[in-house]
Structure formats: structure tokens, C-alpha cells
Amino acid sequence: MKTIARWGVTHSVCPVCQANFEPEPGFYFGAMFISYAFSVAWGAALWVLLYVLFRPDSNTYTMVIAAGVVLLSPWSFRYSRVLWLYWFGGISR
Ligand SMILES: [Zn+2]
């Protein structure tokens, strides 16, 4: 339960190499746009999967895609921040 409750918590420094994960206040604001792109990509992938496998009605598309995007949001949250940090955080490796 502890890991589920703490999915949104980010270390302020890397526990291994002490790299700064919070270069400035509000640094991860832009990661929201990457997270949105992930959500759109997941939604499109789920739509294609449903279309190819089941050809369901439009309500099923809506419910499955909404549930899928919500369930994958912790993943999107984490990886959008990772990409943002790599691209704009000044960490070279
Ligand atoms: Zn590190």
C-alpha cells in the first residue's frame, strides 16, 4: 500500500549519484504536456486494439479508453517527468 500511496512522490535528489531532481520550483510544469501526449498515444493505441479485436459500440470505446488512460496515469506521470528531466534538467546521462 505504501508504494501505491506514494506514486506521485519524487526524490529531490538522486539517491545514487546525488543529481538534483528539482532544479527550480515548478520545474515539472512542462512535463504535463508530455504526459498529455502519452495519454493521447495510449488512447489511440487502445482505440486501434478495440477496433481490430472487437469492433465494440461507441460507449465501450469511451469507457475502456477512459479507464485505460486513468490506470496508466501513474506511468505517464513518472515517464513524462523522466523525459522532461533528461531534456531540460541539465543531466547528461
Ligand atoms: Zn543518479
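**A close look at helix H4**

Guide: Helix H4 covers residues 73–88, and its 16 residues reach 22 Å from the first C-alpha to the last, close to the 22 Å expected at 1.5 Å a residue, where the expected span is 1.5 Å times one less than the number of residues. Helices here are DSSP runs of H or I with at least four residues, strands are runs of E with at least two, and both are numbered from the N terminus. The model is a predicted one, in which local features need pLDDT of at least 70 and side-chain atom pairs count only at pLDDT 80 or more, while totals for chains, interfaces and linings use all residues. Residues are numbered from 1 along each chain as its sequence is written.

The buried residues of H4 are Ser76, Ser80, Arg81 and Leu85; a residue counts as buried if 20 or more other C-beta atoms, placed from the backbone, lie within 10 Å of its own, as exposed if 12 or fewer do, and as partly exposed in between. Helix H2 (31–53) is included in what covers them, with contact taken as C-beta atoms, placed from the backbone, within 7 Å. After H4 comes Gly90, whose phi is positive, near 75 degrees.

Positive phi values also occur in residues other than glycine. Gln18 has a phi of about 65 degrees and is placed in the loop between H1 and H2, where Gln18 is exposed, with 8 other C-beta atoms within 10 Å. Arg55, with phi near 45 degrees, belongs to the loop between H2 and helix H3 (58–71) and is likewise exposed, having 9 other C-beta atoms within 10 Å.

In the protein as a whole there are 4 helices and 0 strands, and buried residues make up 8% of its 93 residues. Its C-alpha trace spans about 50 × 30 × 20 Å along the principal axes. Of the contacts with a separation of 6 or more, 61% join residues 24 or more positions apart.

As for confidence, pLDDT, the predictor's score for each residue from 0 to 100, averages 91 in the protein, and 94% of the residues score at least 70. Confidence is highest in H2, at a mean of 97, and lowest in helix H1 (residues 2–5), at 67. Where pLDDT is low, predicted coordinates should not be read in detail.

Technical notes. Two residues are in contact if their C-beta atoms, placed from the backbone, lie within 7 Å.
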